[in-house]
Amino acid sequence: MAANGAKCEQKQQKRAGAKDKQNGKATDSSVRERRQRDKEDRLSLVVWRRPVTTLHYFLLETLIKLKEWTVKLWQRRGTVCLVLLLCSLFSIAYSTEGAHQQYVQYLEKRFLWCAYWVGLGILSSVGLGTGLHTFLLYLGPHIASVTLAAYECSSTDFPEPPYPDQIVCPQGGGVEGSISLFSIMSKVRLEACMWGAGTAIGELPPYFMARAARQSGADPEDEDYEEFEEMLEQAEGAQIPNPLFDLAGITCGHFMVPFWTFFGATLIGKAIVKMHIQKLFVIITFSKHIVEQMVSLIGSVPKVGPSLQKPFSQYLEAQRNKLHHAGGSAPADENWLSWVFEKVVLVMVCYFVTSIVNSMAQSYAKRLQQQRHSEEKTK
């Protein structure tokens, strides 16, 4: 009797355990389905599908971010006061007449020039692969323009002003054949390194977000956390470089890598190593003899070669004329390559701004979903 009772109790426990497992699987399945629905609803929140709701959520998320930044600035009010004091002193020195004005103007020009390229570098890397590719749109053409001008002028001593807004050959000219790769690299080193430093700074937001999430204790049930864990598992054993290398900031922040260890290595890699490689590639590509060989190679392509060779030759000739003649006016006829390039830049800028609006609107939608689920759990 006792043995039969024990067997019946074991069977009931097994049935209860099996039932609990089935209920657990059903619960997990319903949670995954709910997360998938929430994710699809967020991804549908874009300007071209739901413009009114997207812009409304974007404005609300902007207000929340401004409030958070205001609180953080208030917590660091000592540093903020010091920065404001330095800005006030510079403003007084800037507005006061005296012999120091030439140094103030020099510092102002250098600061704005460096800030311009740093800003473009930040735009290039801040989007985790979806940012504005400012090297191809701005820095690369700038280095190419300086390279062409150096070979045309036989010198890199471009007078300032108008350089860098307009490259004008020096009046004395230079010695033919005196231009080297290193002289051109030295001419564009400042803007190239500032752009590289900007790309390193652009890696900091994901680092700080992942670090803050780890310190505060990320929710293991959050779908973004789960996706990140899956990407880390896939990255194990993968060679570098690999497509997941853009997640370096998130990975270092998640594993609490010290800030200066991460940022120092990123700065050296991007602003020094990577930039010198990219800069050298552009300079070699746009060197005079290599460009001439490239144009002749385009002309040798059957059927379409001559038709493509003519606009490229016209574009290069127009650039030489514009760079070689000091004070000369630009040609009235705008080349179709320049027209296409301007439109590509415009489209890229519009896409980048739109992606920011969509991302912030989706972030606010996620806040609402998390708030709704929290209220459902408390009921």
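Trainee: Which hand is the crossing of α5 and α7, left-handed or right-handed?
Mentor: The crossing of α5 and α7 is left-handed. Keep in mind that this is a predicted model.

Trainee: At roughly what angle do the axes of α5 and α7 cross?
Mentor: Roughly 165°, and the two axes come within 10 Å. Angles over 145 degrees count as roughly antiparallel, so α5 is roughly antiparallel to α7.

Trainee: Which residues meet there, in α5 and in α7?
Mentor: On the α5 side they are Thr134, Phe135, Leu139 and His142, and on the α7 side Glu191, Ala192 and Trp195. By class, the contact of α5 with α7 has four nonpolar residues, two polar and one charged.

Trainee: What about α7 and α11, how do their axes cross?
Mentor: Helix α7 covers residues 189-201 and helix α11 covers residues 259-285; their axes come within 8 Å and cross at roughly 140°. That angle makes α7 oblique to α11. The crossing of α7 and α11 is right-handed.

Trainee: And which residues of α7 and α11 meet?
Mentor: From α7, the residues include Arg189, Ala192, Cys193, Trp195 and Gly196. Their partners in α11 include Phe263, Thr266, Leu267, Lys270 and Met275. The contact of α7 with α11 divides into 10 nonpolar, five polar and three charged residues.

Trainee: OK, on to cores. Which residues touch the most other members of the largest nonpolar core?
Mentor: That core has 25 residues, and Leu139, Val146, Phe158, Ile184 and Trp195 touch the most other members. At least two residues each come from α4 (101-125), α5 (134-153), α6 (181-187), α7 and α11. The largest share is from α5, with nine residues.

Trainee: Then which residues does the second, separate core include?
Mentor: That second core has seven residues, among them Leu45, Tyr57, Phe58 and Val357.

Trainee: Switching topic: what is phi of Ser154 near?
Mentor: Phi of Ser154 is near 55°, which is a positive value in a residue other than glycine. Ser154 sits in the loop between α5 and α6.

Trainee: Is Ser154 buried or exposed?
Mentor: Buried: its relative accessible area is 7%, and the cut-off for buried is under 20%.

Trainee: Where is Met256 found?
Mentor: Met256 is in the loop between α10 (248-254) and α11. Phi of Met256 is near 60°, again positive in a residue other than glycine. With a relative accessible area of 33%, Met256 is partly exposed.

Trainee: One last residue. Which helix does Gln362 lie in?
Mentor: Gln362 lies in helix α14, residues 336-378.

Trainee: Why does Gln362 count as buried?
Mentor: Because its relative accessibility is 19%, and buried means under 20%.

Trainee: What is Gln362 in contact with?
Mentor: Setting aside neighbours within four places in sequence, Gln362 is in contact with Arg42, Leu43, Leu45 and Val46. Leu45 is also one of the residues in the second core.

Key. Residues are numbered from 1 along each chain as its sequence is written. This is a predicted model: local features need pLDDT of at least 70, side-chain atom pairs count only at pLDDT 80 or more; totals for chains, interfaces and linings use all residues. Side-chain values use heavy atoms; hydrogens and water are left out. Axes are lines fitted to C-alpha atoms, for helices over the stretch in contact, and angles run from 0 to 180 degrees between N-to-C directions. Helices (H or I, at least four residues) and strands (E, at least two) are DSSP runs, numbered from the N terminus. Angles under 35 degrees count as roughly parallel, over 145 as roughly antiparallel, 65 to 115 as roughly perpendicular and the rest as oblique. A crossing is left-handed if the near helix is turned anticlockwise from the far one by less than a right angle, and right-handed if clockwise. Contact means heavy atoms within 4.5 Å. Ala, Val, Leu, Ile, Met, Phe, Trp, Tyr, Cys and Pro count as nonpolar, Asp, Glu, Lys and Arg as charged, and the others, Gly among them, as polar. A nonpolar core is a set of buried Ala, Val, Leu, Ile, Met, Phe, Trp, Tyr and Cys residues joined through side-chain atoms within 4.5 Å. Buried means under 20% relative accessible area, exposed over 50%, partly exposed in between (1.4 Å probe, protein chains only).
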